[in-house]
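Subject: Structure handover

Hello,

Please find the structure below, followed by notes on what turned up in it.

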Amino acid sequence: ELVKALLVRAADPNARIKRDFPPYDNTLFGHTLGNNLPQISLVGATPFLLAAASGDVTAMRILVEGRADPRATTSEGAPAWLIAAGMGAEKGRRKEKDAIEALKVALDFAPDRKAAPNAAIDGDGRTAAHAASFQGWGEMLEYLASQGANLDAKDKYSQTPLSIALGDPDRKST
């Protein structure tokens, strides 16, 4: 209802976050030791991207109806499907089933749905499968695999979704 009310009052559905928030583990805001933070900066995020990050499918649909750009990316180049797959969430703070539903909606707007599961942040190499592994989301990984995700993809640190899931950053899958 809040999203609808804001759109009716001419809120910009494509407004972007201009600066990152203070570190989430700052004592004024925090509840973590800093190791469960989202994997990306929120700079450049739009309301649609934030809805994808929170797994709020209803808000995602309302925003698209209100002229939000579902193909927008963060300043780092992260699109909604990467964010929905876990890159935009604190570890352990979101339900996997909500994330899968948000991913499905985000993929509907991907410029190339077949390529999207393997798309990575430029210069980084992290894919949706890397994000889901970091979150510990097995069902998400199964869904991504069913959509053609390469579960052996290596990021810039040569980490694969499997090595991330194993929790050993020095272990590299072959």
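The side chains of Glu139 and Lys97 form a salt bridge, with N and O 3.1 Å apart; a salt bridge here is a side-chain nitrogen of Lys or Arg within 4 Å of a carboxyl oxygen of Asp or Glu. Because Glu139 sits in helix H7 (residues 138-146) and Lys97 in helix H5 (residues 96-108), the pair ties together parts that are 42 residues apart in sequence. Helices are DSSP runs of H or I with at least four residues, strands are runs of E with at least two, and both are numbered from the N terminus. Glu139 is partly exposed at 41% relative accessible area, and Lys97 is exposed at 55%. For these words, buried means under 20% relative accessible area, exposed means over 50% and partly exposed lies in between, with a 1.4 Å probe and protein chains only.

Before the rest, the basis. This is a predicted model, in which local features need pLDDT of at least 70 and side-chain atom pairs count only at pLDDT 80 or more, while totals for chains, interfaces and linings use all residues. Residues are numbered from 1 along each chain as its sequence is written, and side-chain values use heavy atoms, with hydrogens and water left out.

Other salt bridges

A search of the whole structure gives 5 salt bridges. One of them joins Arg126 and Asp124, at 2.6 Å from N to O. Arg126 is buried, with 15% relative accessibility, and Asp124 is buried as well, at 13%. Another links Glu1 to Lys4, where the closest N and O atoms are 4.0 Å apart. Glu1 is exposed, at 73%, whereas Lys4 is partly exposed, at 41%.

Ile100

Helix H5 also holds Ile100, which is buried at 9% relative accessible area. Leaving aside neighbours within four places in sequence, Ile100 is in contact with Glu139, Met140 and Tyr143; contact means heavy atoms within 4.5 Å. Ile100 and Trp81 are 19 residues apart in sequence, and their C-alpha atoms are 9.7 Å apart in space.

Helices H2 and H4

Helix H2 (residues 47-54) packs with H4 at an angle of about 30°, and the axes are 7 Å apart. The axes are lines fitted to C-alpha atoms, for helices over the stretch in contact, and the angles run from 0 to 180 degrees between N-to-C directions. H2 is therefore roughly parallel to H4, since angles under 35 degrees count as roughly parallel, over 145 as roughly antiparallel, 65 to 115 as roughly perpendicular and the rest as oblique. The crossing of H2 and H4 is right-handed; that is the term if the near helix is turned clockwise from the far one by less than a right angle, and left-handed if anticlockwise. H2 contributes Phe48, Leu49, Ala52 and Ala53 to the contact, and H4 contributes Ala80, Ile83 and Ala84. Of the residues in this contact, 7 are nonpolar, none polar and none charged. Ala, Val, Leu, Ile, Met, Phe, Trp, Tyr, Cys and Pro count as nonpolar, Asp, Glu, Lys and Arg as charged, and the others, Gly among them, as polar.

Backbone

Arg67 is not a glycine but has a positive phi of about 80°. Arg67 lies in the loop between helix H3 (57-65) and helix H4 (80-87) and is exposed, at 63%. Ser158, also not a glycine, has a positive phi of about 65°. Ser158 is in the loop between H7 and helix H8 (161-166) and is partly exposed, at 28%.

Regards
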